[in-house]
Amino acid sequence: MASLFTTKAMMSHHHVLSSTRLTTLYSDNSINDQQIKTKSQASHRLFARRISGAARAVINSPMPPPVPEIEKLEGERRCHVAWTSVQQEKWEGELTLQGKIPTWLNGTYLRNGPGLWNIGDHDFRHLFDGYSTLVKLQFDGGRVFAGHRLLESDAYKAAKKHNRLCYREFSETPKPAIRNSFKNPFSGIGEILRLFSGESLTDNANTGVIRLGDGRVMCLTETQKGSILVDHETLETIGKFEYDDGLSDHMIQSAHPIVTETEMWTLIPDLVKPGYRVVRMEAGSNRREVVGRVKCRSGSWGPGWVHSFAVTENYVVVPEMPLRYSVKNLLRAEPTPLYKFEWCPQDGAFLHVMSKLTGEVVASVEVPAYVTFHFINAYEDEDENGATVIIADCCEHNADTRILDMLRLHTLRSSHGQDVLPDARIGRFRIPLDGSKYGRLETAVEAEKHGRAMDMCSINPLHLGQKYRYVYACGAQRPCNFPNALSKVDIVEKKVKNWHEHGMIPSEPFFVPRPGAIHEDDGVVISLVSEGNGGSFAILLDGSSFEEIARATFPYGLPYGLHGCWIPKH
Ligand SMILES: CC(=O)/C=C/C=C(C)/C=C/C1=C(C)CCCC1(C)C
Ligand SMILES: CC(/C=C/C=O)=C\C=C\C=O
Ligand SMILES: [Fe+2]
């Protein structure tokens, strides 16, 4: 391999650079250090003025990023690399490896997430605002080739071109005056139209990445226009996923479709007549068919927020959280502590169950108030009388909405050592299908065992919608302000194994089953870890023992990321 930095060497660069704007690394091995410096600095200056256009390719040979002008250092300075914008548009190279990669592990792990939190001189407010940054780990014959690249969404391209925010992100709204010069003349009505036609909404698909049954790989966020196809080898943006079904008028979608080899299920919330369309798309198709519609039970103006949902073999479980889309907050330029949402526990919390076959809503129960981003899994079970009951598990934040505001970048960057992360648990819903009015919500496993943090979960995908035993998720070693551990939770035996190292922030532990495995936990868990000293590495844990098998070190620090997928090598 050409000239990879040692982690240590890169670390010192990282520290100098931790607050600079995005720049470019060079791959041209023929140029000398002085040329590199001059070229890089020129590029950086250009970038500081306006984010440069196409970044220069970097293959196998990362060079030190330019030294920033001191007066430009701000905001992100000295904060954990997890909350520091990625320093270059793209990078690719082989990672240095400790340990041994299992010989059966051949394929690509892709992770999406918001990796760039500033544009021009403007620093973004919330974790979810950042521009999508894809990271890949290609496992090939025991070696690990890795890379990252920013997604070329319209929102990111416009921001680069105009050096300012041009679309509405999760918490950020472009200033009217700025939009004025960017596009249409501003007017209150015009602005509302631009919002409700979806024109001003972001397509920054920074939340997750999925492999459809036909092999296409798609990045996603909660706006429908934020469904973007990518090449999983080069990480290049291919283009928008064009839905061919007339359902895109509804603008928003669940960020977490459920995908199998044959189909994809997702939810499309309806902001006008509060409810959700449950839709299904065959592998190979771009057309979603509406299987059924759930009408919201509460009298509130907006439907409950649906970041994710769950399926069993025969049913779709549709959550209606008391944290609801708020038209009032959608129209506000300045964010509220709950952003586009409002908390309406007085209007009730519900779960609906729809038959996958008929689209009929077969149960609609009231449950205790809850707050969740992520459903873990669901399955059909029998109660003590032999009647069918749906079990649905989620990462539940004890009905405490503070978690949303805890993910503000300022909070993530500035709380050092205080135990400020609100408690979370595995919430287990029991939904009877016998017409009962109420469902139950319990704590599946004593939350203390995983440090009272619980989010960013995965399971063995072969157990999707089936009875299952193991949850892999981010837990905590307290005190902390963010989940800083990896946890394997045995929800049957109610035991937990944790992995934690001081100063590390691991992202979603992603389980890949060993081909031919019999045991549910026979496989590996992959997580990308941002280190307290500014570096980063990919860790592989044994799915069963939860012991470290291998660690592959990046020559630079990666920011935190959200969700991933596995693309097996054919
Ligand atoms: C990163 C993540 O998990 C969630 C991202 C959510 C986004 C980008 C939500 C965007 C929205 C708007 C820009 C306005 C309309 C409502 C809403 C879908 C929340
Ligand atoms: C990272 C996160 C919550 C962590 C709290 O414990 C939620 C991410 C949600 C979007 O995918
Ligand atoms: Fe998510």
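Colleague: Which residues come nearest to ligand 2?

Modeller: This is a predicted model, in which local features need pLDDT of at least 70, side-chain atom pairs count only at pLDDT 80 or more, and totals for chains, interfaces and linings use all residues. Residues are numbered from 1 along each chain as its sequence is written, chains are lettered from A and ligands numbered from 1 in the order in which they are written, and side-chain values use heavy atoms, with hydrogens and water left out. A residue counts as near if one of its heavy atoms lies within 4 Å. Of the 14 residues around ligand 2, the nearest are Phe 128, His 307, His 374, Pro 483 and His 563.

Colleague: How far is a polar side-chain atom of His 563 from an oxygen atom of ligand 2?

Modeller: A polar contact is a pair of N or O atoms within 3.5 Å. For His 374 the distance to a ligand 2 oxygen is 3.3 Å, and for His 307 it is 3.1 Å. For His 563 it is 2.8 Å.

Colleague: How do the residues of the shell around ligand 2 divide?

Modeller: Ala, Val, Leu, Ile, Met, Phe, Trp, Tyr, Cys and Pro count as nonpolar, Asp, Glu, Lys and Arg as charged, and the others, Gly among them, as polar. The shell holds 8 nonpolar, 5 polar and 1 charged.

Colleague: How do the residues lining the second largest pocket divide?

Modeller: A pocket is an open set of points on a 1 Å grid over the protein atoms alone, with protein on both sides within 12 Å along at least five of seven lines, and lining residues have an atom within 4 Å of a point. This pocket is lined by 30 residues, with His 80 and His 416 among those nearest its centre. They divide into 10 nonpolar, 16 polar and 4 charged.

Technical notes
A polar contact is a pair of N or O atoms within 3.5 Å; within protein, one must be able to donate a hydrogen and the other to accept it, and residues adjacent in sequence count only if both atoms are side-chain atoms. On a 1 Å grid over the protein atoms alone, a cavity is a set of points where a 1.4 Å probe fits but cannot get out, and a pocket is an open set with protein on both sides within 12 Å along at least five of seven lines; lining residues have an atom within 4 Å of a point.
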